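Subject: Structure for you to look at

Hello,

Here is the structure I promised to pass on. Please open it alongside this email, and my notes follow below.

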Amino acid sequence: MMKSNEIESRLVEISVLGDERGLLTVIEENNTVPFDIKRVFYIHGTQEGVRRGFHGHHKTRQALVVVAGSCKVFLDNLTRQTDILLDSPQKILILEPNDWHEMYDFSTDCVLLVLASHLYDPEDYIRDYQLFKEVYSS
Ligand code: T46
């Protein structure tokens, strides 16, 4: 069974399985990612200079991995702000609901795969930063 290692807070490195035919990387629910995977989507064809996201969630946990290209993710959980570079299909970034996130610096070939713990629900989004602070300030 594959192993994953934490290489930074919530940034996990997945082992790549490979042989003379090429590489294969596996993501499993409740193993590589710490939740049941209810939904998968991917962001691609992003235009130059675009920044997107700008929200937190009430319930949804997510895992982000670039299966091609690269992008950066700004995270703010009201305790810590950090910018994380995703530039390898081996790196998976685990986002908790209280992580305000913004994705930017997409390479033109970037395909950002997102695995989510819940089905899509617009009510689960917190798109107002003041409200985000009220919800998550303890
Ligand atoms: C997130 C980051 C990483 C749906 O209809 N179903 C879906 O499952 C999703 C994800 C989106 N949509 C619709 C809602 C919007 O009309 O697709 C449109 C674009 O979504 P949004 O503006 O929310 O895209 P991002 O890049 O700001 O955020 C997305 C995810 O929505 C969000 O959960 O954490 O990627």
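A pocket here is an open set of grid points with protein on both sides within 12 Å along at least five of seven lines, and its lining residues have an atom within 4 Å of a point. Keep in mind that this is a predicted model.

The pocket

The largest pocket holds about 160 Å³ of space. Its lining is made of 13 residues. Nearest the centre are Phe-41, Ile-43, His-55, His-101 and Met-103. Strand 5 (39-44), strand 6 (52-57), strand 7 (62-68) and strand 11 (100-104) each give two or more residues to this lining. Strand 6 gives the largest share, four residues. By class, the lining has six nonpolar, five polar and two charged residues.

The cores

The largest nonpolar core has 16 residues. Those touching the most other members are Leu-64, Val-73, Leu-86, Leu-93, Met-103, Phe-106 and Leu-112. At least two residues each come from strand 7, strand 8 (71-76), strand 9 (81-86), strand 10 (91-95) and strand 12 (111-116). Strand 8 gives the most, with three residues.

Take a look at Val-73. Beyond its neighbours within four places in sequence, Val-73 is in contact with residues including Leu-64, Ile-84, Leu-86, Leu-93, His-101 and Met-103.

Another core, of 10 residues, lies apart from the largest one. Val-33, Val-65, Ile-92 and Leu-113 are among its members.

Strand 7

Is strand 7 largely enclosed or open? Five of its seven residues are buried, that is, under 20% relative accessible area, so strand 7 is largely enclosed by the rest of the structure. Strand 7 runs antiparallel to strand 10, with three bridges joining them. Ala-63 has Ile-94 of strand 10 as its bridge partner. Strand 7 also runs antiparallel to strand 12, and here six bridges join the two. Ala-68 is partnered with Val-111 of strand 12.

Most residues other than glycine have a negative phi. Phe-54, in strand 6, has a positive phi of about 60 degrees. Phe-54 counts as partly exposed, because its relative accessibility is 34%. Asp-105 has a positive phi of about 55 degrees. Asp-105 sits in the loop between strand 11 and strand 12. With 44% relative accessibility, Asp-105 also counts as partly exposed.

Best wishes

Notes. Residues numbered from 1 in each chain as written. Predicted model: local features only at pLDDT ≥ 70, side-chain atom pairs only at ≥ 80, totals over all residues. Heavy atoms only, no water. 1 Å grid on protein atoms, 1.4 Å probe; cavity = no way out; pocket = protein on both sides within 12 Å on 5 of 7 lines; lining within 4 Å. Points joined across faces, edges and corners; volume = space filled by probe spheres on them. Nonpolar A, V, L, I, M, F, W, Y, C, P; charged D, E, K, R; others polar. Core = buried A, V, L, I, M, F, W, Y, C linked by side-chain atoms within 4.5 Å. Buried < 20%, exposed > 50% of the residue type's maximum accessible area, 1.4 Å probe, protein only. Contact = heavy atoms within 4.5 Å. Pairing = 2+ DSSP bridges.
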